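Visitor: I am new to this structure. Please show me how to read its features.

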Amino acid sequence: METRPTLEYAGVDEARDRLRSIVPAGRTELVPLASSLNRALANSITTDVDDPPFHRAMMDGYAVRSGDLGDGGVSLEVLGDIPAGATSNTEITEGKCVHINTGAPIPPGADAVVPVEDTTLAPDGRVLIQVGVAEGRHIARRGVNTRAGDVVLHAPMRLDAVAMGVAAAAGAAKLSVYSSPRIGIITTGAELVSPDCFPEGGQIRNSNGPQLRGLAESCGCIAIDFGVVEDDRKSLCTAIAAALEQSDILCITGGVSMGAHDHVPECLERCGVQLHIRKMRIKPGKPVHVGIAEGGQVVCALPGNPVSAMVGFHLLVKPTIDLRQNLNPFKNPHPVAKLSDAIKPTTNRTTLVPAHVAVEDDGSLHISPSSWRGSGDPFGCINANALILRPENAPAAEPGAWVRFLPTGSIFG
Ligand code: AMP
Ligand code: MG
């Protein structure tokens, strides 16, 4: 187990480096090709066949000997028809051709295809080829795309629709992928009631539970909600131990700050979780804690304020989900967009501002900070699809400035 000292009040880059070194890749499983969309490929796929597997007609027309045609205006005898899925061993000899369909194998002797548009069928069944044609024209040669034995999908990678098609062509009916991480969710706080209750006295509705479920499922994970736990050590320890049994990643919200009822970090350690990050230089989200349990589960203890919890998820949990599937979440730099409204200078913390990114008429990305009222206000973040990332000790940014952002939702859809 990693025994490096806990990072106290970690910067964003430090936290990323630590995550990269402590999060273990998870289990793998075999899934049918039809269920592999968005899964992370664990083993590379080698094709068992050349592609195309034969010299293939790329147009509907006539398979000819290019040397017979000169500049065109030549009449040829038509020996028959080769539909896709059929083969023909009839040799095409001088003055002869065969009608062929897209996807059919080129017969012996032919070395080009003349598209049907460039031909006229005569009443006697012969065909007038109007044009000359270069050798090899409209033929995809056997193996031009890939050869039997080639690796066509290199793990690790996330499987998209094109990759699924390639896997099919390579004969991979089952694929080895990383298991979708199971994300356990514990929300803490004596004040929390469920959405179907009307809050009385000092109660508030638990919005983090559903928000974290949505975030986890939108990342392809299996969310398991372990419900609300009160702020006492015994209940917390029992809940954490039970949730760890069923989770690959455990998200806890609330109870991580300095209050008299904030027992989560202490309870994590009591449950054998080694803390690697104890608070971060970020705003919002400073009290976040990250640790590794004895079974390798990653635990992210996020602040209770809903926007802080959301920020913590994007900064820490989302990369953890990728790392569990052997994917590199940090390979791309943060993109930039042009700022619409001024934003304040930052302090000694990286500041994350919920914002909406859109594509302008000129095709460039434009980013507008959400009108939110701080970390307790998820209402102001509706429609946010990004977090503007402002470095520590950055000056104010004026409208028109290019600022970096972390995408949190779809920008182009
Ligand atoms: P805490 O991090 O426990 O100190 O909570 C900070 C703030 O977030 C308090 O106002 C809590 O009432 C609120 N909060 C904590 N948990 C949740 C939750 N699950 N849903 C909505 N608000 C919460
Ligand atoms: Mg609390």
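Guide: Start with strand 26, residues 350-359, in this predicted model. Buried here means under 20% relative accessible area. Seven of the strand's ten residues are buried, so strand 26 is largely enclosed by the rest of the structure.

Visitor: How many bridges join strand 26 to strand 28?

Guide: Five, and these two strands run antiparallel. Strand 28 covers residues 386-390. Its arginine 390 stands opposite threonine 351.

Visitor: What do strand 26 and strand 27 form?

Guide: They form a hairpin, with five residues between the two strands. Strand 27, residues 365-369, pairs with strand 26 in the antiparallel sense over five bridges. Valine 359 has leucine 365 as its bridge partner. In the turn, glycine 363 has a positive phi of about 90°.

Visitor: What about phi in residues other than glycine?

Guide: Most of them have a negative phi. Tyrosine 9 has a positive one, near 55°. This tyrosine lies in strand 1, residues 7-10. Tyrosine 9 is partly exposed, with a relative accessible area of 30%.

Visitor: Where is asparagine 393 placed?

Guide: Asparagine 393 is in the loop between strand 28 and strand 29. Its phi is positive too, about 55°, although it is not a glycine. Asparagine 393 counts as exposed, at 55% relative accessibility.

Visitor: Are most peptide bonds cis or trans?

Guide: Most are trans. Now find the bond from alanine 155 to proline 156: it is cis, with omega near 0°. Proline 156 sits in the loop between strand 13 and strand 14. Another cis peptide bond joins lysine 283 and proline 284, with omega about 0°. Proline 284 belongs to the loop between strand 22 and strand 23, residues 289-292.

Visitor: Now helices. Why do residues three or four places apart in an α-helix point the same way?

Guide: An α-helix has 3.6 residues a turn, so residues at that spacing point the same way.

Visitor: How do I see where empty space is left?

Guide: Roll a probe the size of a water molecule over the atoms. Here the largest pocket has a volume of about 1,000 Å³. Its lining has 32 residues. Lys318, Asp322, Asn328, Pro329 and Pro407 lie nearest the pocket's centre.

Visitor: Which helix supplies the largest share of that lining?

Guide: Helix 6 does, with seven residues. Helix 1 (12-22), helix 3 (208-218), helix 6 (306-324) and strand 29 (402-407) each supply at least two residues of the lining.

Visitor: How many residues of the lining are nonpolar, polar and charged?

Guide: By class, the lining of the largest pocket has 16 nonpolar, ten polar and six charged residues.

Technical notes: Residues numbered from 1 in each chain as written. Chains lettered and ligands numbered in written order. Predicted model: local features only at pLDDT ≥ 70, side-chain atom pairs only at ≥ 80, totals over all residues. Heavy atoms only, no water. Buried < 20%, exposed > 50% of the residue type's maximum accessible area, 1.4 Å probe, protein only. Helix = DSSP H or I, 4+ residues; strand = E, 2+ residues; numbered from the N terminus. Pairing = 2+ DSSP bridges. 1 Å grid on protein atoms, 1.4 Å probe; cavity = no way out; pocket = protein on both sides within 12 Å on 5 of 7 lines; lining within 4 Å. Points joined across faces, edges and corners; volume = space filled by probe spheres on them. Nonpolar A, V, L, I, M, F, W, Y, C, P; charged D, E, K, R; others polar.
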